[in-house]
Amino acid sequence: MPRAKTLPALWLISDARNDALLERALAALPRGSGLIYRHYHLDGPERLARFRALRRAARARGHRIVLADSALTAREWGADGIYGAPRALSPRRRGLIHLATAHDMAELGLAARLGADAALLSPVFPTRSHPGGGVLGAVRFRLLAKAAGLPVIALGGMTRHRARALRWTRWAAIDGLS
């Protein structure tokens with residue numbers, strides 16, 4: 001399992017709305033960043049073909065690529081890890097990065113107990129993905145993250161400016177990086 005120090009601090013998350021910009025966004029990220037490949041809008045062979053194209057672009061910049069799918073699929077596709085809800089992530093993930101989603105202290109605790117390498121805690125700020133939805137806000141995010149027991153990656157309305165204002169070095173974005 002990767003140690004927190006070896007995990008990328010910056011993560012680009014794929015989505016249908018940023019798909020056309022992903023190669024350019026990957027090239028603009030600092031070397032050694034990460035891509036979380038979701039692409040739920042694509043089926044089977046199309047999803048795999050797009051993954052392979054983005055994996056090439058990511059590897060050319062030394063980025064890690066994590067797949068929102070099973071550990072088995074991640075290994076078959078050549079991903080560096082898996083991403084999803086703590087309970088959905090396979091215990092057979094040896095050698096893979098395990099990024100868990102979390103929205104509260106209970107999910108952060110579960111992610112830590114199940115051995116996740118890090119948790120993406122969201123939403124910190126308002127997002128286009130969930131317009132009008134509730135947010136953690138800066139103060140609650142920092143309190144939860146500091147008590148989490150594992151590295152926390154800020155997600156939800158994140159941009160470079162908001163990451164600086166939050167004083168948080170580990171963050172991820174869909175729109176904010178693409």
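Predicted model: local features only at pLDDT ≥ 70, side-chain atom pairs only at ≥ 80, totals over all residues.
Student: Which residues of α2 are buried, and what puts them on the same side?

Tutor: The buried set is Arg47, Leu48, Arg50, Phe51, Leu54 and Ala58. They cover an arc of only 165 degrees around the axis, and that puts them on the same side of α2. Pro45, Glu46, Arg56 and Ala60, on the other side, are exposed.

Student: Why is the contact between glutamate 23 and arginine 50 called a salt bridge?

Tutor: The label needs a side-chain nitrogen of Lys or Arg within 4 Å of a carboxyl oxygen of Asp or Glu. For glutamate 23 and arginine 50 the N to O value is 2.5 Å, so the pair qualifies under the 4 Å rule. Glutamate 23 lies in helix α1 and arginine 50 in helix α2, so the bridge ties together parts that are 27 residues apart in sequence.

Student: Are these two partners buried or partly exposed?

Tutor: One of each. Buried means under 20% relative accessible area, exposed means over 50%, and partly exposed is in between. Arginine 50, at 15%, therefore counts as buried, while glutamate 23, at 33%, counts as partly exposed.

Student: What makes arginine 59 and aspartate 80 a salt bridge?

Tutor: The same test: their side chains meet at 2.7 Å, N to O, and the limit is 4 Å. Arginine 59 sits in helix α2 and aspartate 80 in the loop between α3 and β4 (81-84), so this pair ties together parts that are 21 residues apart in sequence. Arginine 59 has a relative accessible area of 37%, which makes it partly exposed.

Student: How many salt bridges does the rule give, and which residues are linked in a network?

Tutor: The count comes to eight. Asp15, Arg17, Arg38, Arg128 and Asp175 are linked in a network of salt bridges. Aspartate 175 and arginine 17 form one of these bridges, with their closest N and O atoms 2.9 Å apart. Aspartate 175 lies in the segment after β8 (171-173) and arginine 17 in the loop between β1 (10-13) and α1, so the pair ties together parts that are 158 residues apart in sequence. Aspartate 175 is partly exposed at 28%, and arginine 17 is partly exposed at 32%.

Student: How do you know that both faces of strand β6 are covered?

Tutor: Look at the two sides in turn. In a regular strand the side chains alternate between the two faces of the sheet. In β6 (residues 118-121), Ala118 and Leu120 are on one side, Ala119 and Leu121 on the other, and all are buried. Strand β4 can be read likewise: Gly81 and Tyr83 point one way, Ile82 and Gly84 the other way, and all are buried.

Student: What makes β5 and β6 paired strands?

Tutor: Pairing takes at least two bridges. Four bridges join β5 (residues 97-102) to β6, and the strands run parallel. Threonine 101 stands opposite leucine 120 in β6. The chain goes from β5 through helix α4 (residues 105-113) to β6, a right-handed β-α-β crossover.

Student: Which other strand is joined to β6 by bridges, and how many are there?

Tutor: Strand β7 (residues 152-154), by three bridges and again in parallel. Here valine 152 is the bridge partner of alanine 119.

Student: How many bridges pair β3 with β4, and β4 with β5?

Tutor: Two bridges pair β3 with β4 in the parallel sense, and at least two is what the label requires. Valine 66 stands opposite glycine 81 in β4, and β3, α3 and β4 make a right-handed β-α-β unit. Between β4 and β5 there are four bridges, also parallel, with glycine 84 opposite alanine 100 in β5.

Notes
Residues numbered from 1 in each chain as written. Heavy atoms only, no water. Buried < 20%, exposed > 50% of the residue type's maximum accessible area, 1.4 Å probe, protein only. Arc of directions from axis to C-beta. Right-handed = clockwise from strand over helix to strand, strands pointing away.
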